[in-house]
Amino acid sequence: MEEKKVLEIKHYSKSYAEGKKAADDVSITVMAGDIVGFIGHNGAGKSTTIRAVVGVLDFTEGEIFIDGHSVKDEAIECKKVTAYIPDNPDLYENLTGIQYLNFVADVFNIDVVSREERIKKYADLFEITDSLGDLISSYSHGMKQKVAIISALIHEPKLLVLDEPFVGLDPKASFTLKEIMHEMCKRGTAIFFSTHVLDVAEKLCNKVVIIKHGKIIASGTMDELTEGHSLEEVFLEAYGDE
Amino acid sequence: MNNFLLLKTLLLSTSKRNIYKYSKDKKKRSKIIGAYIGMFFLYAMLMGYCVLMCVGYAKMGMLDSVPVLCALIVSIMAFILTMLKTNGYLFNFKEYDMLMALPFEARTVAGCKFLYMYLKSLAAQFSMSVAMLIGYAICAKPGIITYVYWIMLSLFLPVIPMLMASFIGFLFAKISAGFKFKNAVQTVLTFILCIICFSIRYIIEAFVENDQVADILEKSSQATEKTASIYLPAKWFSEAVLKDSLSDVFLLMGVSILLFAVIFYIVGGSYRQINSALKSHTASKNYKMTTLKKHSVENAIAFKEFKRMTGSTIYLTNAAFGEVLVTLLGVITLIIGFDKIVSVVTQGAPFDASIIQPAIPFVVYFFVGMVATTACTPSLEGKNRWILSSLPINEKTIAHGKMLFNMYLTVPFMTFSILCLCISAKVPVIDSLLYLIEGFVMCAFSTTWGYVCGIKHMRLDWENEVEVVKQSSAVVLYMFPNMFAGMIIGALTVILGMMFNHCLITLILIILIALLAFICYRASMRMVSKK
């Protein structure tokens with residue numbers, strides 16, 4: 001596997017107007033082919049960090065590089081190779097599923113043959129091909145999540161960033177997503193995702209980062225961190241008596 | 001390329017045609033047809049009014065003022081409406097994360113959002129301008145080039161005021177982004193600006209009044225010309241169509257395009273920073289469990305409605321704007337006197353102010369009843385509708401809670417303003433009491449009629465709060481008949497009050513309006529039972 005840094009977060013901090021820090025000196029590196037789980041309790045700073053990585057949230061302290069490009073200075077270059085799936089995707093409700101996917105494919109300038117092939121492949125895998133002609137407003141939460149996932153895969157990103165991707169997915173879809181993540185990882189895609197489901201993280205990730213009150217309190221490969229214990233035990237120990 | 005793609009998708013994502021084409025819900029489809037028919041009649045009324053206004057101007061010998069008037073009306077409308085919706089369209093919109101994560105420049109997103117806002121409001125502004133062209137053409141019979149210039153420039157007329165309003169909205173957003181209570185700061189700033197806009201006519205007239213011109217029509221014409229000399233785009237439009245001046249055509253088009261480029265270069269620079277700040281909410285995490293108060297279910301829903309309103313700048317500025325204006329009216333009337341206010345409104349025409357006293361409740365209602373929260377609130381539940389729907393309370397109780405909130409919002413302001421106006425106008429106690437009761441029943445009517453409209457045209461799948469608060473069928477259906485009927489009945493009250501005992505007329509109106517409110521209440525209860 002090619003050892004290439006796809007995501008590099010260097011001393012990233014995010015402060016609010018009142019001076020409180022949502023993220024404090026966060027440094028994370030994700031290599032090509034890595035699946036990195038980002039775990040922490042509610043409000044620990046996971047989504048704040050993820051939103052900064054994908055260029056949605058402004059930040060002043062630290063630097064974030066994607067595929068060698070700075071998120072601050074070369075936002076477009078970074079976004080071209082990144083895909084983001086938010087925890088609660090707000091899609092255009094009055095477009096049909098296929099209209100939305102076609103829009104994203106247009107944005108990434110994907111040729112017609114490739115887009116048709118990829119949309120069909122993933123829509124079949126998630127079993128929503130028949131519903132793509134319906135308005136997104138008629139979809140369930142899980143179906144919207146599936147459309148958001150397909151839209152993220154259309155341009156075959158180098159970095160896939162997911163915020164709580166398994167919430168709302170049925171067991172079959174969760175399994176499919178995990179399979180897709182493995183497949184992408186083998187192709188050299190870097191995957192960085194937040195989750196509360198420690199079992200999933202333990203089985204899926206080769207690296208884990210634990211964040212508490214905006215600070216990284218533990219990070220490393222799964223083997224280094226767990227040393228024969230379960231991830232749940234490691235996590236609870238890291239969080240101490242909270 | 002990406003600019004047009006985004007703009008096209010933004011338009012498609014809120015297009016009724018797209019919903020009609022792909023929705024399988026027959027009810028939804030028939031509502032869309034209904035909305036199109038309603039819009040057709042609304043535009044027809046608006047255009048008819050504009051044509052008649054131009055003909056009236058021609059009859060008064062002021063035909064040459066029509067182009068300036070057209071430019072000013074379109075510009076003021078574009079400015080105020082943009083001011084009230086910039087927050088929801090340009091900043092703090094729902095799909096911000098999704099769009100900003102795609103490879104679009106921040107400037108592209110901001111620019112497309114503006115163009116989307118421009119195109120969505122163009123139909124109303126363009127139809128007004130074209131109607132005034134028809135009115136002008138009937139009387140002036142101009143050459144073909146006037147038609148060409150007028151129609152072409154009608155597309156550009158709203159651009160500069162919309163850009164100005166957007167830039168002010170951007171500055172407000174930038175200022176408020178640094179505060180803890182961002183919504184409150186933005187709302188207060190928007191209110192102040194809108195109040196200035198509403199007073200601008202009187203400010204300009206104060207400049208004109210130096211020579212104590214007695215003739216009201218001449219004063220109106222002077223005020224219009226004076227405004228045009230300050231607001232240059234109106235002058236360019238007028239010169240272009242009256243004198244076939246090509247240089248003014250290029251000036252208006254060129255400045256509009258240049259201003260767009262400059263403003264969105266500036267806005268784009270700090271677009272992400274402002275949105276990040278507006279979307280960030282810190283938690284103080286210092287709450288200590290204390291004794292909680294118990295409320296009735298209706299009051300609990302009303303409180304929830306209050307928090308919903310104060311949590312959204314768009315909703316608050318639209319729903320409470322009338323209340324702010326009417327409070328100002330009450331205070332100003334108390335300070336400078338009822339007669340003086342009437343004199344300002346009638347521009348010094350010889351007029352006995354006491355004869356319009358029976359219209360006091362209608363004047364107050366014009367502001368207080370401008371928007372009813374009940375017309376928007378069923379749709380505003382949006383994705384959160386499950387919260388109320390899953391609670392062990394029936395739809396009638398929910399309706400009562402929502403209605404109660406509108407009464408809590410309108411009745412105190414209505415009472416305060418009617419009392420201020422009555423005290424200032426030295427209205428007898430019995431008459432004042434009747435006006436208060438009349439105001440109260442009108443608030444009840446506004447509440448129940450609003451709920452009928454809100455339930456009838458409930459739409460939960462909106463993309464942006466502006467679609468519900470400003471552009472929904474429910475709001476249009478509520479607002480226009482309510483406003484026109486209020487004005488007509490108010491005028492009739494004054495006329496009949498001169499012929500009959502005005503207390504008796506007020507009493508009859510109280511009974512009639514109360515009856516209407518009751519009918520609307522029953523209708524709304526029937527409708528929620530079916531839901």
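This is a predicted model: local features need pLDDT of at least 70, side-chain atom pairs count only at pLDDT 80 or more; totals for chains, interfaces and linings use all residues.
## Reading strands, cores and contacts

Biologist: Let's start with a strand pair. How many bridges join β3(A) to strand β9 (residues 207–212) of chain A?
Modeller: Four bridges, and the two strands run parallel.

Biologist: Which other strand does β3(A) pair with over four bridges?
Modeller: Strand β8 (residues 190–194) of chain A, again in the parallel sense. Here A:Ile35 has A:Ile191 as its bridge partner.

Biologist: How do I read the two faces of a strand?
Modeller: In a regular strand, side chains alternate between the two faces of the sheet. Now apply that to β3(A): A:Ile35, A:Gly37 and A:Ile39 sit on one side, with A:Val36 and A:Phe38 on the other.

Biologist: Are those faces of β3(A) covered or open?
Modeller: Both are covered, with buried residues on each side. Count along strand β3 (residues 35–39) of chain A and you get five buried out of five. Buried here means 20 or more other C-beta atoms within 10 Å of a residue's own.

Biologist: Zooming out, how many helices and strands does chain A have?
Modeller: Nine helices and ten strands. Its radius of gyration is 18 Å, close to the 18 Å from the globule rule for 242 residues, so chain A is as compact as a globular protein of that length. Along the principal axes, its C-alpha atoms fill a box of roughly 50 × 40 × 40 Å.

Biologist: What share of the residues in chain A is buried?
Modeller: 48% of the 242.

Biologist: Next, the core. Which residues touch the most other members of the largest nonpolar core?
Modeller: A:Ile150, A:Val161, A:Phe192 and B:Val364, in a core of 176 residues. The biggest contribution, 13 residues, comes from helix α21 (residues 429–456) of chain B. Domain 1 (30–279) and domain 2 (297–530) of chain B both give residues to this core, so it lies between them.

Biologist: What does A:Ile150 touch?
Modeller: Leaving out residues up to four places away in sequence, A:Ile150 touches A:Leu101, A:Ile119, A:Tyr122, A:Ala123 and A:Phe126. There is also a second, separate core of 37 residues, including B:Met83, B:Ala131, B:Met132 and B:Leu157.

Biologist: How many residues does each chain bring to the contact between chain A and chain B?
Modeller: Chain A brings 32 and chain B brings 32. On chain A's side, α2 (75–80) and α3 (97–107) each supply at least two residues, and α3(A) gives the most, with four. By type, that side of chain A divides into 15 nonpolar, seven polar and ten charged residues.

Biologist: And inside chain B, how far apart are the centres of domain 1 and domain 2?
Modeller: 27 Å, taken over C-alpha atoms. Across their boundary, 23 residues of domain 1 of chain B are in contact with 23 residues of domain 2 of chain B. On the domain 1 side, α3 (26–59), α4 (66–89), α9 (182–208) and α10 (216–230) of chain B give two or more residues each.

Biologist: Which element has the largest share of that side of domain 1?
Modeller: α9(B), with nine residues. The residues on that side of domain 1 of chain B split into eleven nonpolar, seven polar and five charged.

Technical notes: Residues are numbered from 1 along each chain as its sequence is written. Chains are lettered from A and ligands numbered from 1 in the order in which they are written. Domain bounds come from an automatic or database domain assignment. Two residues are in contact if their C-beta atoms, placed from the backbone, lie within 7 Å. Ala, Val, Leu, Ile, Met, Phe, Trp, Tyr, Cys and Pro count as nonpolar, Asp, Glu, Lys and Arg as charged, and the others, Gly among them, as polar. The radius of gyration is taken over C-alpha atoms; the globule rule is 2.2 Å times the number of residues to the power 0.38. A residue is buried if 20 or more other C-beta atoms lie within 10 Å of its own, exposed if 12 or fewer, and partly exposed in between; C-beta atoms are placed from the backbone. Two strands pair if DSSP finds at least two bridges between them. A nonpolar core is a set of buried Ala, Val, Leu, Ile, Met, Phe, Trp, Tyr and Cys residues joined through C-beta atoms within 7 Å.
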